[in-house]
Structure formats: structure tokens, C-alpha cells
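Opened the notebook to look up a few things in this structure. Jotting them down as I go.

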Amino acid sequence: MADTGKTLTRIGVFYDGNYFFHVSNYYQYEHPRNARIGISGLHDFVRQRVASEESLDPNYCQVVDAHYFRGRLSAEDAEKRDVLLKERKFDDALMHAGVTTHYLPLGAEGEKGIDVWLALEVYELAFYKRFDMVVLIAGDGDFLPLIRKLNTLGIKVMLLAWDFRFTDNRGNLRETRTAQALLNAVTYPVLMHQVIDDRTLRNDRTVDNLFLSRGDRPAPTKVPPASRSDNGAIRHGTVHHVKEGFGFITPDNGDDNLFFFAGDVVNTDFEALKAGDPVSFEIGANNRGPCAVNVSPR
């Protein structure tokens with residue numbers, strides 16, 4: 001029975017941005033949903049889930065603070081890679097959802113210091129704002145000390161996490177798995193992949209609204225796993241164009257354009273590639289013919 005009291009349950013939501021981006025890419029390119037996870041829909045799910053777990057009225061469960069942490073390219077580098085507009089649009093989505101962004105410079109070695117910054121900010125904000133519930137969107141065991149510290153403050157913690165695996169276009173198994181220590185330490189562990197794939201919730205509005213678009217349209221066609229056909233010789237070319245989850249490369253030697261899949265991109269995000277970018281690659285093959293694998297910017 002729902003609590004009829006009028007006390008507001010204050011929820012703070014904190015994103016490991018790189019983790020969330022990785023999960024969102026999975027649902028965009030690898031999962032039958034073929035859609036990204038939306039911030040507003042996720043916050044609505046959080047409110048409903050907290051209300052259910054705590055036997056409360058959802059109207060009195062509100063996200064009062066939300067923060068997103070990630071490394072980010074400089075404006076100049078983002079413009080060169082033609083991702084500045086995409087980043088700005090995502091910033092707009094975060095802003096409209098009331099999410100405060102925290103960025104550190106993304107260097108040659110990737111993200112450095114984001115996890116520590118996130119943990120310090122969560123603890124400080126939780127201490128001073130006295131959230132009733134902290135919702136952590138993460139999967140790395142490095143956040144275990146943070147959860148233990150929040151427990152000492154008497155603050156309940158809900159973890160939204162995903163386990164999934166898929167085979168990339170080179171036939172390699174890719175797996176994301178939540179640290180068991182996190183699941184054991186939090187008050188409410190929520191394995192989101194189980195919620196999303198639960199057939200009894202197929203028509204559930206809260207679950208369906210997690211995604212920016214409906215998942216009833218066909219997913220982009222994926223080519224079968226590629227195999228090496230030239231002993232790994234490095235080739236060079238230029239990106240001809242990119243679309244949702246795949247693209248084409250024009251080889252420097254004048255050969256026909258070669259298809260490549262998002263999962264074949266290394267050393268950068270697929271979405272960072274744009275037409276005209278110089279790349280190196282290897283020749284692979286599938287049942288459609290030659291294709292490019294191990295595509296890397298140069």
C-alpha cells in the first residue's frame with residue numbers, strides 16, 4: 001500500500017557518462033530496440049522504480065539533482081571530427097532534463113580522473129543536500145568505496161546497471177558486465193537489461209519510454225562477421241561517407257569503395273568519423289565480398 005504521507009523523497013542521479021554512452025550505443029546499434037536511451041525517460045523510470053521499492057506515491061518521488069561526468073574533446077578537435085554539433089545537441093538534451101554536466105579534457109590516453117571526480121562530487125552533494133536516494137548509473141567496481149561511504153551517511157543507493165554481450169563484425173565477443181561487489185553493496189540493484197528484455201513488460205509505458213524512438217522498426221542491416229583476406233596488410237584511404245552504424249572507405253590505390261561496420265572502428269568512436277577523414281584499415285571479407293576491418297584514424 002502506498003504511503004499517503006506528503007514528505008518528498010529527494011533523488012540524486014549520477015551518470016558515469018562514458019559508461020552510459022557505451023550502453024546507449026549498444027541499444028542503438030546491437031539491440032533489437034535500435035534506439036538510444038533518453039534522459040527524461042530514464043528519470044521517469046527512476047521515479048517509478050523508487051516509488052515501487054519504497055511503497056511511495058510516485059508524485060512524491062522526484063529527481064531533485066542530476067549530474068553527468070565524462071571526458072570531452074576540445075571544441076577544436078570536436079569540430080575537426082565533425083562531432084561538435086552532436087555534442088551540443090546532447091548537451092541540450094541534458095540541459096532540458098535538468099542535468100548538470102561535468103567534463104574533463106579528453107587526452108591521448110582517454111579519460112583520466114573522471115571516476116574520482118564523480119565519487120567526490122556524489123559524496124559531497126549527498127552529505128550537504130541529504131538526498132533520500134542516490135541513483136548511480138555505472139558498472140565499475142571502483143565505485144564500491146563511494147557506495148560504502150554513502151551507506152555510512154544512511155543514504156540509500158540504487159544502482160542502474162547493464163550486462164550484455166554481442167559479437168562484433170570481426171567475430172570477437174564483446175561483453176559488458178557489472179561488478180558483483182556493486183550489486184552486493186547497494187540498497188536496490190536494478191539490472192536494466194533484464195527489465196528491458198522482460199517480455200511481460202513489452203507494452204509497459206515506463207519501459208518503452210526509456211528509448212528516444214520506438215523499437216518496432218527494423219534494425220540496420222549488419223553484414224556477417226568478416227574474415228581476414230590479405231594477412232593483415234595495412235591499407236590507407238579516406239572515409240567516403242558514414243551512416244547509422246556503418247560507412248564506406250575510398251582506398252588510396254583507386255580500388256572500389258569498401259564497406260565497414262561501426263564495430264570495425266578502433267582507436268576512436270565510430271561517431272567521430274566524417275567524410276574526408278584519412279584512415280588506415282585492413283582488408284576483410286564476408287559473403288558480400290571485400291570489406292574494411294580495423295579501421296583507424298591517421
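Below are my entries, from the whole chain down to single side chains.

**Entry 1: the whole chain**

I'm working with a predicted model here, so no experiment stands behind the coordinates. I looked up the secondary structure and got nine helices and 14 strands in the protein chain. Next I checked burial: of the 298 residues, 46% count as buried.

**Entry 2: cysteines**

How many disulfides are there? I get a count of zero disulfides.

**Entry 3: Val 135**

I picked Val 135, which lies in strand β4 (residues 133-137). Buried or exposed, I wondered about Val 135? With a relative accessible area of 0%, Val 135 is buried. Leaving out residues up to four places away in sequence, I find that Val 135 touches Ile 11, Gly 12, Val 13, Phe 14, Val 46, Met 158 and Leu 160. I also noted the C-alpha to C-alpha distance from Val 135 to Val 50: 9.4 Å in space, for two residues 85 apart in sequence.

**Entry 4: Ser 24**

Ser 24 sits in helix α1 (residues 17-29). I have Ser 24 down as buried, since its relative accessible area is 4% and the cut-off is under 20%. Which residues does Ser 24 contact, leaving aside neighbours within four places in sequence? They are Ala 35, Arg 36 and Ile 37. For Ile 37 I looked up a polar detail: its backbone nitrogen lies 3.4 Å from a polar atom of the Ser 24 side chain.

**Entry 5: salt bridges**

Side chains of opposite charge can pair when their charged atoms come close. I count 13 salt bridges in the structure, and I followed up some of them.

Asp 208 and Arg 33 meet through their side chains at 2.8 Å, N to O. Asp 208 is in helix α9 (residues 205-208) and Arg 33 is in the loop between α1 and α2 (39-54), so this pair ties together parts 175 residues apart in sequence. Asp 208 counts as buried at 18% relative accessibility, and Arg 33 counts as buried at 12%.

Glu 175 forms a salt bridge with Arg 165, and the closest N and O atoms are 3.1 Å apart. I place Glu 175 in strand β7 (residues 173-176) and Arg 165 in strand β6 (residues 164-167), ten residues apart. Glu 175 counts as partly exposed at 44% relative accessibility, while Arg 165 is exposed at 51%.

Arg 298 and Asp 252 also meet in a salt bridge, at 3.1 Å, N to O. Arg 298 lies in the segment after β14 (289-297) and Asp 252 in the loop between β11 (246-251) and β12 (258-261), so the pair ties together parts 46 residues apart in sequence. I also logged a network: salt bridges that share partners join Asp 44, Arg 47 and Arg 205.

**Entry 6: a surface patch**

Last, I looked up a nonpolar surface patch of about 330 Å², made by Tyr 123, Phe 127 and Tyr 128. Tyr 128 is found in helix α5 (residues 114-129), and Tyr 128 counts as exposed because its relative accessibility is 64%.

Technical notes: Residues are numbered from 1 along each chain as its sequence is written. This is a predicted model: local features need pLDDT of at least 70, side-chain atom pairs count only at pLDDT 80 or more; totals for chains, interfaces and linings use all residues. Side-chain values use heavy atoms; hydrogens and water are left out. Patches are made of residues with over 30% relative accessible area and no salt bridge: like charges are joined within 9 Å, nonpolar side chains (Val, Leu, Ile, Met, Phe, Trp, Tyr) within 5 Å. Accessible areas come from the Shrake-Rupley method with a 1.4 Å probe; for residues, only the protein chains shown count as cover. A salt bridge is a side-chain nitrogen of Lys or Arg within 4 Å of a carboxyl oxygen of Asp or Glu. Helices (H or I, at least four residues) and strands (E, at least two) are DSSP runs, numbered from the N terminus. Buried means under 20% relative accessible area, exposed over 50%, partly exposed in between (1.4 Å probe, protein chains only). A disulfide is a pair of cysteine sulfur atoms within 2.5 Å. A polar contact is a pair of N or O atoms within 3.5 Å; within protein, one must be able to donate a hydrogen and the other to accept it, and residues adjacent in sequence count only if both atoms are side-chain atoms. Contact means heavy atoms within 4.5 Å.
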